[in-house]
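Thanks for coming. I will go through one structure today, and I will keep to the places where its parts touch.

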Amino acid sequence: MWSMILRRIGIGIVTMFAVSVIIFCGTRILPGDAAQIRLGQEATETNLAAFRKELGLDRPAHVQYFSWVKDTLSGDLGVSLASDVPVTDLIRDRYKNTLYVSAVTAVIGVPLSVLLGILAAMFPGGIYDRVVTFISVTLVSAPEFFLATLLVLIFAFYFNFTSAVVVGGVEGKTFLEILRHFFLPIMALCMIIAAQLIRMTRAAVLNVMSSPYVEMAILKGVPRKRIIMRHALFNAIGPIVNVIALNLAYLISGVVIIEVFFAYSGLATLMVQGVQTRDYNLIQVLGMLFCCVYIILMLIADIASIVSNPRLRHPR
Amino acid sequence: MSDSTKTATDVADDEIDFQELYDAAPRQKFRFSWTGWIGVIVVTFWFLIAILGPFIAPYGENDLPYPDAYSEFQVPTAKALLGTDVDDRDILSRIIYGAGRTIGISLAATILAYLVGVSLGVTAAVSGRWIDMGLSRVNDAFLSLPTIMLGLVVIAAVGSSLTVLIFTAGLIYATIVFRISRALAMDIMVQDYVEAARARGEGLWWIIRKEIWPNAAMPMISDFGLRLIYVILFVAGLSFLGLGVQPPAADWGNMVRENLGALQHVPYEACPYPKNAAGEDNWLCGIGTKFAVLAPALAISTLTVSINLIVDDLSSYAGGKLTKGM
Amino acid sequence: MSEAAKNPDTDNVILDVRNLRIIARREDGSTLNIVEEIDFTVKRGEVIALIGESGSGKTTISLAALGYAKPGLEFADGEVFLNGRDVLDLDRHGLRNLRGREVAYLAQSAAATFNPSITIGEQVTESAVLHGIKTQEEATKKAIELYHALELPDPEQLGSRYPHQVSGGQLQRLMAAMALCGDPDLLVLDEPTTALDVTTQIEVLKAFKTVIREQGAAAIYVTHDLAVVAQVADHIVVLYDGKIQEAGTTDQIVNSPGHDYTRRLMSAVRPTPSSDLASAKQEETDAGPAMEVKDVTAGYGRNLDGSPKVTVLRDINVKIERGHVVGVIGESGCGKSTLARVMAGLLPASQGDVLLDGESLPKTVRERSRDQLRRVQFIFQMADTALNPRHNIREIVGRPLEFYRGIRGRERTDKVAELLQMVDLEPDMMSRLPSELSGGQKQRVALARALAADAEVLLCDEVTSALDTIVGAAVIKLLRRLRDKLGVSYVFISHDLSTVASFADEVVVLYAGRVVEQGPVKEILSPPYHPYTRLLIASVPELRIGWLEDTMGTREAMAGIAGAVDLNAPGCPFSERCPLAIPGTCDVEVPPNRVDESGEHIIACHIEFSGLEREQTAV
């Protein structure tokens, strides 16, 4: 088992390098280089060349790549091309909003959805199951901003509970204050992951519940509660952890839309600004950051399914 | 071989009384459930709108129903059935024009994704270990990026245009199609009937065409629907972020973005009569001014949810082999 | 534990099923009778067998004793009294108290019915402890006693292991322990030995029989195998299409069956392999063998030096004479299917040659000419998966006609009709899809497809294993008739010695990828045998009451316990299980091939023919 996990981690590290190459190529090799963007209207052949030299853009691509990797690993993230501010500073101002909102979403949304999913699987075909399944199917295939619009209409417009946009950040707020301040984004994100998570948890538990060993447990006269807690859940934990990690990974694209929708400043809005101003340094750093989180979550998902396999946990 | 009938009867005599029992009911013909029919109706409706758009829209996509007045977020009236948007334009006409663009781009991108994904996926499945390994590894690297990030990076590099959108979305989703079609083809390749065809000496092309394709078609069609949903959401998402279809061209995603202001404050002119003649609240003033955001969001949702209803029917018939999470 | 019995018979009746009807509800709301008019009783200490082919409703009836209907089925009519109480009237709580305490269930596939992430010990004792029949200590103690009784290895430690850490045959026996741990009054055994190899089956049967007798429990034994039933049951209930055809004591049913269907079942039972059974020797022809396998070694994966990573077959030599049937026999995993795949060119051999009509065949399908391919046809075990579900019968049978012989259009349709008649199918089935045929019909279509190529050698890979006994017997009959008529040769691969013995001219016995014995069927079925062949023959259940007891004590039966077969072990692969093994020789050196005077009978053994004969006739 350990060798498989190590192997998987190794693949994860290789993937990160592959991703860094993709992002580097995506941003540096394609037309319109950083010098041109930085100088904008003032660009002339001579000062472009000088500026390229200053930024090191005249070096061959692979040299640029390795120096970028070296700088990034040593913590030097470079300077934003659009605003001349170190990228580190830009991130420092905003990462907390994104991090806290996602963390609160995970803390509230994940257990709730898993519970709802398990409940749906316990009484398949029942009225509760059908309602939950219908709602989650609808939410899965509807765009994130549709959900956000509905929430705004309901909570901000009719109940006057909160405002349609979020002003200010998490700085100096307690958990409850954050919860209230970011009520709509957190609610929206919770529902986005819930839609997938409920469905997939339900499927994972149902899959176990229809296995011959659960039928055997029924025929042994094992009480329903014990069948679920000892026989079914025990085998479903691996798939469920897998599903949770996958859904937290999906959350990344949800975060991008929701931050823009509610117009509060976080890393995702920063990334979108970066794309709009073609701020390559910023895009590279943030792109790597989001992708690394994604890869790590995927890695956790894979390790969960390795660890949950009894054949690998207790080898012959 | 002329005596074959004679011997057949010799043996048949002890098989008269007890027929072999069938172990499974024969396969049923495909039928839509009632939810499936709703899906078919709604999807057909939107596709018709997309095709006929310019002929049925009451206004051009950038025309103003009230050219002489300041009419931002106007509530619905006979002149503008869904009201007006942030730039005083007719929402209904923009939805109709947007339908063609949103559906057209997504459909083109999904078809591209399928052309690229399926041809590479089947190639990987039927050819030797090294080609398969190479293709799969490269594909894995792309799959390990969140789609929206990949989209952002590409658009940052080359800017946004219709062609770029179609190719970006098409190639990003080709990675997933590759994985699915490869898995499906691999699955069918090891079936005994393919083995039987190989043992007979059939060529690779014949095997793909006659043995694999008829069995892969149904799951692939249902996956195509699913992929179309994700591509629509992806393109709408990019447009919503201001990185997809560029204004003033109408697209359901960028309509939501442009009109987000309607959710916060609405000018007095939008609803000059908050009370009706009887002195009650005019309900249109509540929801009517929000149509600018609600209508395009609802349009996308009805389209994607309806496609999903169709896909549900198709995939339960095809055996649900493809997981929806992929 | 039994309450006051309300039914008229006696206190001894444990289970009384009266007029039971179970239905399935279709999607459109209409219902379908799965079983109907079922009446039978089980008395204390008695074993009742429910026998029938697949689809006869035997499992459904047996589960009714636990008050359980599979998803989609409902109890419609009738009563099932267990210890005097109608289990169909019980609520969920009542049923839970009943299951595991008064009645216990043993499923067909133990590998699937053990929870993979709970230790064996916990699963075996769970039911007894939960029902408060025993404390955990008592239950564990009882479990260890049962492990001893069931002759399981290392009883003290077994409980702390996980299901995937023990073999299939052991799991099957562990399921018996699980059922018996709570001292139930009634056991329901659902095809408990069907999935096992013959040599393992005898072990498990033996254990079941002993344990059932010692515990004094009553049992319902569900199976399709009459020979097995004859060993364990006191009464037999014969089922067909959800109805009881005949019921009576085992002696009555086995020795004087009354009902037509029972007689059909009896006649289809595989006869006991013996040398009298061997078919008359085919005439020798001068033309030389139709096909020949020479020194073939094959396997999967490839090392750098070209040898396979996992060697499945080693140094195989087989000759297939024209018009002869060569039976290849061995347990699962012995490499018999691989041999057929090598011959068909689906798997290239890493060493050795395959000759067709004296000519060396290229190793892979791709390199063989169309005519070479045509002359050797492969028939798969599962007709279900060997026929493309999207092609109709005309396309399936017509394709080889077109592909090999260029027959098209009307002529092709006529030819397909002719071929279908040849395999006893109606020509009007032509436009059907495979899913609209029964299992036996599908296998006939597969056969017609092979005949369409006008083949000389048919490679039949377990073609009857997936079929019911009666259907399988009819397919064998058909194969024999086609051989006589068309003069084709068969390589008939099977794990079932009696089928092979009744059909083959020559037999090849494979063990762990090596030929341990081969020769004319008459020689194979009479001493001297290879010790493994001897074990195989001894393990085939005879349709004779008392056979199991007679066999239980023999040395061969002792050798039945299968260990994991190591394909790369040094020496003779069978040495671990062999009762005649010579330590220091058999487990170190590869045994020599010994040939008898006729030059046809070969045994790979360290012991000479005379030595083997002496040992084997003495017992």
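**Where chains A and B meet**

The contact between the two takes 45 residues from chain A and 45 residues from chain B, where contact means heavy atoms within 4.5 Å. This is a predicted model, in which local features need pLDDT of at least 70 and side-chain atom pairs count only at pLDDT 80 or more, while totals for chains, interfaces and linings use all residues. Residues are numbered from 1 along each chain as its sequence is written, chains are lettered from A and ligands numbered from 1 in the order in which they are written, and side-chain values use heavy atoms, with hydrogens and water left out.

About 3800 Å² is buried between chain A and chain B, with carbon and sulfur atoms giving 79%. Buried area is the accessible area (1.4 Å probe) that two parts lose on being put together, summed over both. In chain A, the residues losing the most area to chain B are A:Ile22, A:Ser141 and A:Phe145, together 15% of what that side buries.

How many salt bridges are there between chain A and chain B? The count is zero, taking a salt bridge as a side-chain nitrogen of Lys or Arg within 4 Å of a carboxyl oxygen of Asp or Glu.

Now chain C, which is divided into domain 1 (2–268), domain 2 (277–516) and domain 3 (527–619); these bounds come from an automatic or database domain assignment. Nine residues from domain 1 of chain C and six residues from domain 2 of chain C make the contact. Between these two domains about 830 Å² is buried, and carbon and sulfur atoms give 48% of that. Salt bridges between domain 1 and domain 2 of chain C number zero.
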